[in-house]
Amino acid sequence: AYSDKVRIHADKCIGCGICVGACPMKNLALADGRAVSKDRCTLCYRCFRICPKQAVTILGKTVHEQGRLEKYL
C-alpha cells in the first residue's frame, strides 16, 4: 500500500537530492531546485532520516528528532 503523506517543506529544502537517491520507490524527484513527492511512498522513512535540513515530514507537520545510526555509534 502506498501513501501520499510525505511532505517536502520548500522553505527548508535546499535541493541537494540526497532524499531522491535514498528513496527505493523512486517517489521523490527534483523539480525547480527542490524535492517533490509523488504518491508511491511505502513509509520507509529513509528520506526523513537522511535530509540534512529536516525538510521532509511524514504523517506530521514538524520534525522533532531524526534517528540516524551515527548518533548511536
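**Exercises on a predicted model**

The protein chain exposes about 5,000 Å², and carbon and sulfur atoms supply 53% of it (Shrake-Rupley method, 1.4 Å probe; for residues, only the protein chains shown count as cover). This is a predicted model, in which local features need pLDDT of at least 70 and side-chain atom pairs count only at pLDDT 80 or more, while totals for chains, interfaces and linings use all residues. Residues are numbered from 1 along each chain as its sequence is written, and side-chain values use heavy atoms, leaving out hydrogens and water.

**Exercise 1.** Decide whether Cys 19 is in a disulfide or in none.

*Solution.* Step 1: a disulfide is a pair of cysteine sulfur atoms within 2.5 Å. Step 2: by this rule there are 0 disulfides. Step 3: the cysteine sulfur nearest to that of Cys 19 belongs to Cys 13 and is 6.2 Å away, so Cys 19 is in no disulfide.

**Exercise 2.** Classify Cys 19 and Cys 44 as buried, partly exposed or exposed.

*Solution.* Step 1: buried means under 20% relative accessible area, exposed over 50%, partly exposed in between (1.4 Å probe, protein chains only). Step 2: Cys 19 has 7% and is buried. Step 3: Cys 44 has 29% and is partly exposed.
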